[in-house]
Amino acid sequence: MRVKRGNVARVRRKSVLKIASGFRGSSNRLFRTANARVMKSMLHAYVGRKHKKRTFRQIWIGRIKAFANQKQISYSKFMMGLKKSNVGLNRKMLAQLIVLGDASAINL
């Protein structure tokens, strides 16, 4: 018996073309090229979300390192001192304190 996939196929194509609506050229009109571009863009979005976490961690470490250098101490010794004194702040919160100028609350 023949199976007609009318609704399923149309819904799938429409959803792909809706995602591809901002793309240039045939990538927003023709399903085959749009599908390829959408799959590639989704892959880049996934990788980008991982890369964003990496980049922000680098920024936070850079800010903490600059603060530690002002206090004439290396980054690693600064972090070790915080760990030994049981300061439970992560790098994100430390960097935020430093940016806002509330870093005086952190005693070595």
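Quick housekeeping. What you see is a predicted model, so I follow some limits: local features need pLDDT of at least 70, side-chain atom pairs count only at pLDDT 80 or more, and totals for chains, interfaces and linings use all residues. Residues are numbered from 1 along each chain as its sequence is written, and side-chain values use heavy atoms, with hydrogens and water left out.

Let's go to helix H3, which covers 75–84. Which residues of H3 are buried? They are Tyr75, Phe78, Met79 and Leu82. Look down the axis of H3 and these buried residues fall within an arc of 95 degrees, so they line one face of the helix. The arc, by the way, is that of the directions from the helix axis to the C-beta atoms.

The face turned away from the buried side carries the exposed residues Ser76, Lys77 and Lys84. Back on the buried side, the cover includes H2 and H4, and that rests on contact, meaning heavy atoms within 4.5 Å.

Next up is helix H4, residues 91–100. Here Leu94, Ala95 and Ile98 are buried. They cover an arc of only 95 degrees around the axis, which puts them on the same side of H4. What do they pack against? The buried residues of H4 pack against H2 and H3.

Now for the bits around these helices, where a few backbone angles stand out. Just after H4, Gly101 takes a positive phi of about 85 degrees. Just after H3, Asn86 takes a positive phi of about 60 degrees, although Asn86 is not a glycine. Asn86 lies in the loop between H3 and H4, and at a relative accessible area of 69% Asn86 is exposed. Gln72 also has a positive phi of about 60 degrees without being a glycine. You'll find Gln72 in the loop between H2 and H3, exposed, with a relative accessible area of 71%.

On to the loop between helix H1 (6–19) and helix H2 (31–70), where Ser27 sits. Is Ser27 buried or exposed? Ser27 is buried, with a relative accessible area of 8%. Its side chain has a polar contact of 3.0 Å with the side chain of Arg37. A polar contact is a pair of N or O atoms within 3.5 Å; within protein, one must be able to donate a hydrogen and the other to accept it, and residues adjacent in sequence count only if both atoms are side-chain atoms. Leaving aside neighbours within four places in sequence, Ser27 is in contact with Ala20, Thr33, Ala34 and Arg37.

Let's walk along H2 now. Asn35 is in this helix and counts as buried, at 18% relative accessibility. If we skip its neighbours within four places in sequence, Asn35 is in contact with Arg12 and Val16.

A polar atom of the Ser41 side chain lies 2.8 Å from the backbone oxygen of Val38.

How far apart in space are Arg57 and Asn35? They are 34 Å apart, C-alpha to C-alpha, and 22 residues apart in sequence.

Gln70 also lies in H2, and Gln70 is exposed, with a relative accessible area of 62%. Gln70 and Val99 are 29 residues apart in sequence and 14 Å apart in space, C-alpha to C-alpha.

Key: Helix = DSSP H or I, 4+ residues; strand = E, 2+ residues; numbered from the N terminus. Buried < 20%, exposed > 50% of the residue type's maximum accessible area, 1.4 Å probe, protein only.
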